[in-house]
Amino acid sequence: MTISSTRTAHTVSQRRETPRSSTRRLKTARGFGRHCALIALAIVMLYPLLWMLASSFRSSDDIFRLSGIWVTHFKTGNYGKGWNGLKFPFGLYLINSAIIAAGAIAGNLISCSMAAYAFARLRFRFKRTLFAIMLITIMLPMHVVIVPQYILFSRMGWLNTFLPLIVPKFLATDAFFVFLMVQFIRGIPRELDDAARLDGCGYFRTFTRVILPLMKPALATTAIFTFVWTWNDFFSQLIYLTAPNVYSVPVALRSFVDANGDTSWGPLFAMSVVALLPVFAAFLFGQRFLTRGISTTGIK
């Protein structure tokens, strides 16, 4: 009786575990299928980047003759030709873009955070009206204001300098980042402001000692987006930077393209790969702050 009851119990337990195991297998199969689909989609999206990387090691004749990403004959000389192929070494253009990006980041972090604190915490006349006007400027194309801005900066003697690309950032001209920080500050409890005032802090000290340290995710998000957008900006930098010694990376890459058809495609793709490395590094090291900053500002 004992042996038969044991076998019966074992059989019953197997029957009970069968639906669970089948459910687990089904979930595993679905998860595997999703991962395969995501990998395939990632390969499709990354194909142009992989093709550019492969083309940087090919000759100009093989670049448009071969559409695959497999390289049979590596031609590493494209990087040397691209680095020294223009009037100045490509390192100068990297330094110019780094200066512009650093100035833009500093300007947006300082001015946009102060403007966001004013809209989120201070009380003043026409606050809602000014905030609405600021939001409207997000929908305003930059091509509408580029002509008057060019005339203004030309009369100020700022052409072929980095000032037109840096100074406006210190005036909180990027309304998107102001709105992002406003949403973040609104999520900070006002009790912290009240406690700071009880300790004798004014608005400025409350902002610098209480609000600003808590805004690290929003500040990191602003810094990353500002760096990427400034580093990849071509239109405005092409308008203001016409002298070869002040070219930025996008403008310098355009110099490899010849209007007569004699384009150095290999060096162009090689320097394009070099220009993408800082962007990849920014996303790689700032991904954690970027995700946290976006998820905590109400932009979902």
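The structure described here is a predicted model, in which local features need pLDDT of at least 70 and side-chain atom pairs count only at pLDDT 80 or more, whereas totals for chains, interfaces and linings use all residues. Residues are numbered from 1 along each chain as its sequence is written, and side-chain values use heavy atoms, with hydrogens and water left out.

The chain contains 14 helices and zero strands; helices (H or I, at least four residues) and strands (E, at least two) are DSSP runs numbered from the N terminus. Of its 300 residues, 36% are buried, where buried means under 20% relative accessible area, exposed over 50% and partly exposed in between (1.4 Å probe, protein chains only). Among contacts in the chain with a separation of 6 or more, 70% join residues 24 or more positions apart, a contact being heavy atoms within 4.5 Å.

A nonpolar core is a set of buried Ala, Val, Leu, Ile, Met, Phe, Trp, Tyr and Cys residues joined through side-chain atoms within 4.5 Å. The largest such core has 26 residues, and those with the most contacts inside it are Val178, Met181, Val182, Ile185, Ile211 and Met215. At least two residues of this core come from each of H4 (90-121), H5 (127-136), H8 (175-186), H10 (203-214) and H11 (216-231). H8 supplies the largest share, eight residues. A second, separate core of 22 residues includes Leu86, Leu94, Phe227 and Ala275.

Helix H9 (residues 191-198) packs against H10 at an angle of about 140°, with the axes 10 Å apart; axes are lines fitted to C-alpha atoms, for helices over the stretch in contact, and angles run from 0 to 180 degrees between N-to-C directions. H9 and H10 are therefore oblique to each other. The contact involves Leu192, Asp193, Ala196 and Arg197 of H9, together with Tyr203, Thr206, Val210, Ile211 and Leu214 of H10. Leaving aside neighbours within four places in sequence, Ile211 is in contact with Tyr117, Arg121, Ile185, Ile188, Asp193 and Thr206.

Leu241 lies in the loop between H12 (235-240) and H13 (249-254). Its relative accessibility is 1%, so Leu241 counts as buried. Not counting residues up to four places away in sequence, Leu241 touches Ile100, Asn160, Thr161, Phe162, Leu165, Val246, Tyr247, Ser248 and Val251. The C-alpha atoms of Leu241 and Val251, ten residues apart along the chain, are separated by 8.2 Å.

Note on methods. Angles under 35 degrees count as roughly parallel, over 145 as roughly antiparallel, 65 to 115 as roughly perpendicular and the rest as oblique.
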